[in-house]
Amino acid sequence: MGKIAFVFAGQGAQYSGMGKTLYELGGNVQNLYDTAEEIRPGTIKQSFEGSDDELKITSNTQPCLYLVDLGAAVALNENGIYADAVAGFSLGEIAALAYAKSYSYADGFRIVTKRGQLMNDAACTVDSAMAAVLKLSSNEVEKITNEFENLYAVNFNSPGQTVVSGLKSEMPLFEEKVKIAGGRIVPLAVSAAFHSPFMNEAAAKFGKELENFEICRPEIPVYANYDALPYSDNVTEYLINQMKSPVRWQTTIENMISDGFTDFIEVGAGKTLSGLIKKISKDVNVYNVQDSESLKKTIEEVKNNA
């Protein structure tokens with residue numbers, strides 16, 4: 001086996017009950033959740049029992065997803081599997097940096113809670129949306145978005161999948177143009193125009209909040225959404241820019257593969273990142289951990305491939 005990377009799931013992958021069976025394993029995962037519950041009462045119930053509509057609200061989604069992301073990574077560590085490097089998709093990057101010890105797990109939870117609230121507040125100021133465009137190249141998608149004043153290509157996920165963010169009112173005409181070009185659109189379960197200029201004010205406020213935390217250079221490589229390269233001493237700057245800038249996921253994975261990573265374990269809700277990585281490369285091993293069942297399966301597969 002080559003080098004192992006953990007990749008932390010992002011917003012849109014959330015579902016009611018996520019993390020529950022990991023929590024029930026006890027140990028450090030349970031401690032992680034219990035500490036978060038002291039900081040933000042009601043988080044455990046929201047994660048395990050919240051409705052889809054409740055969990056779609058950004059101020060709820062982000063702290064709940066942070067816990068299942070980090071909880072899955074902690075559970076792997078407790079079973080002897082560690083990451084040589086990490087990356088996180090959008091809010092997943094907050095958990096990735098916590099795993100890499102840029103800040104404590106508790107401070108990471110405080111940071112992601114602030115981030116979620118600020119992005120939720122920004123969402124309330126404008127009627128916006130996000131959608132994945134399939135079957136078209138990123139260049140084709142960008143060419144179409146350039147015809148619109150308030151739409152932006154923001155997540156470059158994999159060959160044939162680019163996410164667009166912006167005003168909801170411009171989406172119907174955009175969808176028509178995408179269909180004419182041979183593509184199709186899938187609306188995302190998020191509530192705002194993330195990673196676009198609509199987040200500029202929220203990003204500035206987030207920067208002020210980050211001044212209240214001790215943030216260090218990661219102890220293992222963390223590949224940044226902002227430029228698809230490992231963080232250095234620029235953690236705060238990049239976290240601010242990440243909120244209002246595109247996520248360069250395909251390039252991130254390609255760079256990690258070039259740097260010798262052969263095994264990718266998606267940690268957190270769903271299997272979205274696993275699917276994207278398989279589209280980016282057929283030459284790497286991809287696993288996921290989102291609950292106790294997938295944890296057991298991944299432990300067995302990783303150890304068999306060692």
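**Helix 12 and helix 13**

In this predicted model, the axes of helix 12 (residues 249-258) and helix 13 (residues 272-280) come within 10 Å and cross at roughly 65 degrees. Helix 12 is therefore roughly perpendicular to helix 13 (65 to 115 degrees; under 35 is roughly parallel, over 145 roughly antiparallel, the rest oblique). Residues are numbered from 1 along each chain as its sequence is written, and side-chain values use heavy atoms, without hydrogens or water. Local features need pLDDT of at least 70 and side-chain atom pairs pLDDT 80 or more, while totals for chains, interfaces and linings use all residues.

- The crossing of these two helices is right-handed.
- Trp249, Gln250, Ile253 and Glu254 of helix 12 meet Leu273, Leu276, Ile277 and Ile280 of helix 13 (contact: heavy atoms within 4.5 Å).

**Helix 8 and helix 9**

- Helix 8 (residues 138-145) packs against helix 9 (residues 171-180) at about 140 degrees, with the axes 10 Å apart.
- That angle makes helix 8 oblique to helix 9.
- Val141, Ile144 and Thr145 of helix 8 contact Phe174, Lys177 and Val178 of helix 9.

**Nonpolar cores**

- In the largest nonpolar core, of 74 residues, those touching the most other members are Phe6, Phe8, Tyr66, Leu76, Val86, Leu239 and Ile265 (a core is a set of buried Ala, Val, Leu, Ile, Met, Phe, Trp, Tyr and Cys residues joined through side-chain atoms within 4.5 Å; buried is under 20% relative accessible area, with a 1.4 Å probe and protein chains only).
- Helix 5 (residues 58-78) supplies the largest share of this core, eleven residues.
- A second, separate core of 18 residues includes Ala5, Val7, Trp249 and Val286.

Methods
Axes are lines fitted to C-alpha atoms, for helices over the stretch in contact, and angles run from 0 to 180 degrees between N-to-C directions. Helices (H or I, at least four residues) and strands (E, at least two) are DSSP runs, numbered from the N terminus. A crossing is left-handed if the near helix is turned anticlockwise from the far one by less than a right angle, and right-handed if clockwise. Buried means under 20% relative accessible area, exposed over 50%, partly exposed in between (1.4 Å probe, protein chains only).
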